[in-house]
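Take a look at the protein below. This briefing covers its overall build, then a few selected residues.

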Amino acid sequence: MGLKMRVVELECADPVELGRFWSAVLEAPVGPGADGVRIAPEGETALSLYLVEQRGVDRARSGTRLWLNPVEGALEEEVARLTGLGATVVERRWTNRSCGFAVVVLADPEGNEFCVDSSDREVADAVHRFEDEADDLDGLGPEPEATAVVRIEAS
């Protein structure tokens with residue numbers, strides 16, 4: 001088991017404009033992201049910079065987040081390992097409910113937030129199941145009562 005760093009996320013006032021700056025600095029194209037812009041200096045498998053618009057002030061959080069991806073194992077195994085090391089779970093989100101892909105936002109012991117998403121193995125397994133015409137995809141998605149975002153309240 002191990003983690004591979006995939007994305008550094010930076011909150012900013014204007015992702016497109018700041019994306020132009022970082023694109024020039026890194027000599028890499030600006031590409032679209034789910035809710036921002038992405039700059040991938042060495043292609044899809046290398047570390048990327050992801051710029052998103054500043055979120056509301058309804059909850060304090062760092063403007064920069066590391067996004068970590070388990071290569072082997074499963075997301076929940078990695079979350080258990082990280083919380084065992086002192087991280088706390090901030091929230092859980094589904095990134096693709098039909099496939100059961102998720103991301104868990106955690107905080108390190110000093111409160112700096114970072115994200116861990118579904119493992120490479122979990123993603124590959126789901127893709128394989130979708131490609132297998134004989135697979136009925138039973139149990140692939142999240143539990144029916146699961147919500148899109150679960151905010152964990154500090155105790």
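Helices (H or I, at least four residues) and strands (E, at least two) are DSSP runs, numbered from the N terminus. By that rule, the protein has three helices and nine strands. This is a predicted model: local features need pLDDT of at least 70, side-chain atom pairs count only at pLDDT 80 or more, and totals for chains, interfaces and linings use all residues. Residues are numbered from 1 along each chain as its sequence is written, and side-chain values use heavy atoms, with hydrogens and water left out.

**Overall build**
- The order of elements from the N terminus is β-α-β-β-β-β-α-β-β-β-α-β.
- The protein has 155 residues, and 34% of them count as buried. Buried means under 20% relative accessible area, exposed means over 50%, and partly exposed is in between (1.4 Å probe, protein chains only).
- Contact means heavy atoms within 4.5 Å. Among contacts with a separation of 6 or more, 58% join residues 24 or more positions apart.

**Helix α1: Glu17**
- Glu17 sits in helix α1, residues 15-26.
- Glu17 is partly exposed because its relative accessible area is 43%.
- Glu17 and Val37 are 20 residues apart along the chain, and their C-alpha atoms are separated by 9.8 Å.

**The aromatic pair**
- Rings of Phe, Tyr and Trp (its six-membered ring) pair if their centres lie within 6.5 Å; planes under 30 degrees apart count as stacked, over 60 as edge-to-face and the rest as tilted.
- One aromatic pair turns up in the whole structure. The ring centres of Phe21 and Trp22 are 5.3 Å apart and the planes are at 80 degrees, so this pair is edge-to-face.
- Phe21 has a relative accessible area of 45%, so Phe21 is partly exposed. Trp22, at 26%, also counts as partly exposed.

**A buried loop residue: Ser119**
- Ser119 lies in the loop between β8 (113-117) and α3 (120-131).
- Ser119 counts as buried because its relative accessibility is 0%.
- Beyond its neighbours within four places in sequence, Ser119 contacts Asn69, Pro70, Val71, Glu72, Gly73 and Ala74.
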